[in-house]
Amino acid sequence: MSSIPALTLPTTGGATFDPTALQGQTYVLYFYPKDNTPGCTTEGNDFRLNHDAFAAAGVKVFGVSRDSVKSHEGFKAKQCFPFELISDPEEALCEAMGVMKLKNMYGKQVRGVERSTFVVDGSGAVVKEWRGVKVPGHVEEVLAFVQSLKQ
């Protein structure tokens with residue numbers, strides 16, 4: 001498995017995402033295409049609804065897209081997300097994690113974020129990944145995996 005690159009990115013709440021500051025902490029990075037779109041809203045809300053269970057397992061959740069912090073702040077407030085959203089407009093983290101893909105949209109090839117989720121352990125190593133995620137049932141699957149780490 002790969003590990004998370006050492007980079008810092010802005011997040012909602014005026015904070016920054018810095019993997020080195022998360023040493024010793026298990027966390028989830030879920031990559032999604034765009035704020036305020038139906039699938040991304042549903043996925044974010046699934047993480048919101050399960051947030052207490054992730055916290056009880058000692059796991060932080062972060063959403064990642066190419067949207068600006070301003071866009072993320074509005075999306076987070078509107079949906080009442082209890083976790084931070086990471087802004088990656090230069091695609092540094094997206095590229096490092098290999099989530100930028102060519103997709104077909106209305107018959108045209110466009111470059112975009114492939115919905116993907118990664119569980120990162122306390123050493124910064126990716127211990128599980130899901131790519132090409134379908135939203136229904138996905139968050140529950142991620143939660144079951146992180147809960148299994150504590151057993």
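Me: How many disulfides does the count come to in this predicted model?
Reply: A disulfide needs two cysteine sulfur atoms within 2.5 Å. The sulfur of Cys40 is 12 Å from the closest cysteine sulfur, in Cys94, which is too far for a bond. Seen from Cys94, the closest cysteine sulfur is that of Cys40, again at 12 Å. By this rule the number of disulfides is zero.

Me: Is Cys94 buried or exposed?
Reply: Buried means under 20% relative accessible area. Cys94 has a relative accessible area of 0%, so Cys94 is buried.

Me: And is Cys40 buried or exposed?
Reply: The cut-off for buried is again under 20%. Cys40 has a relative accessible area of 1%, so Cys40 is buried.

Me: Where is Glu43, and is Glu43 buried or exposed?
Reply: Glu43 sits in helix α1, residues 38–49. Its contacts beyond four places in sequence include Tyr30, Arg115, Thr117 and His138. Its relative accessibility is 1%, so Glu43 counts as buried.

Me: Which strands does α1 touch in the sheet of five strands, and what is the strand order?
Reply: The sheet is open, with mixed pairing. Neighbouring strands are turned by 20° against each other on average, direction ignored. Helix α1 packs on this sheet, making about 160° with the direction of β3, and touches β3, β4 and β8. The strand order is β5-β4-β3-β8-β9.

Me: Which strands stand at the edges of that sheet?
Reply: The order of the open sheet is β5-β4-β3-β8-β9. An edge strand here has a single partner, so one side is left without a neighbour in the sheet; the edge strands are β5 (84–87) and β9 (126–131).

Me: Which strands does α3 touch?
Reply: Helix α3 spans residues 69–79 and packs on the sheet. Its direction makes about 160° with that of β5. The strands touched by α3 are β4 and β5.

Me: Which residue stands opposite Tyr30 in β8?
Reply: β3 (residues 26–31) and β8 (residues 116–120) pair in the antiparallel sense over five bridges. Within β8, Val120 has Tyr27 opposite. The residue opposite Tyr30 is Thr117.

Me: How many residues of β8 are buried?
Reply: In a regular strand, side chains alternate between the two faces of the sheet. In β8, Ser116, Phe118 and Val120 lie on one side, Thr117 and Val119 on the other, and all are buried. The count for β8 is five of five.

Me: Which residue in the turn between β8 and β9 has a positive phi?
Reply: β8 and β9 run antiparallel, joined by five bridges. Val119 stands opposite Lys128 in β9. The two strands form a hairpin with five residues between them, and the turn residue with a positive phi, about 90°, is Gly124.

Me: Which element gives the most to the lining of the largest pocket?
Reply: The largest pocket holds about 190 Å³ of space. Its lining residues include Lys103, Met105, Val110, Arg111 and Arg115. The elements giving two or more residues are β6 (100–105) and β7 (108–113). With four residues, the one that gives the most is β7.

Me: Which residue takes a positive phi in the hairpin of β6 and β7?
Reply: β6 and β7 pair in the antiparallel sense over six bridges. Met100 stands opposite Val113 in β7. Two residues lie between the strands, and the one with a positive phi, near 55°, is Tyr106.

Conventions. Residues are numbered from 1 along each chain as its sequence is written. This is a predicted model: local features need pLDDT of at least 70, side-chain atom pairs count only at pLDDT 80 or more; totals for chains, interfaces and linings use all residues. Side-chain values use heavy atoms; hydrogens and water are left out. Buried means under 20% relative accessible area, exposed over 50%, partly exposed in between (1.4 Å probe, protein chains only). Contact means heavy atoms within 4.5 Å. Two strands pair if DSSP finds at least two bridges between them. Axes are lines fitted to C-alpha atoms, for helices over the stretch in contact, and angles run from 0 to 180 degrees between N-to-C directions. On a 1 Å grid over the protein atoms alone, a cavity is a set of points where a 1.4 Å probe fits but cannot get out, and a pocket is an open set with protein on both sides within 12 Å along at least five of seven lines; lining residues have an atom within 4 Å of a point. Grid points are joined across faces, edges and corners, and a volume is the space filled by probe spheres set on the points.
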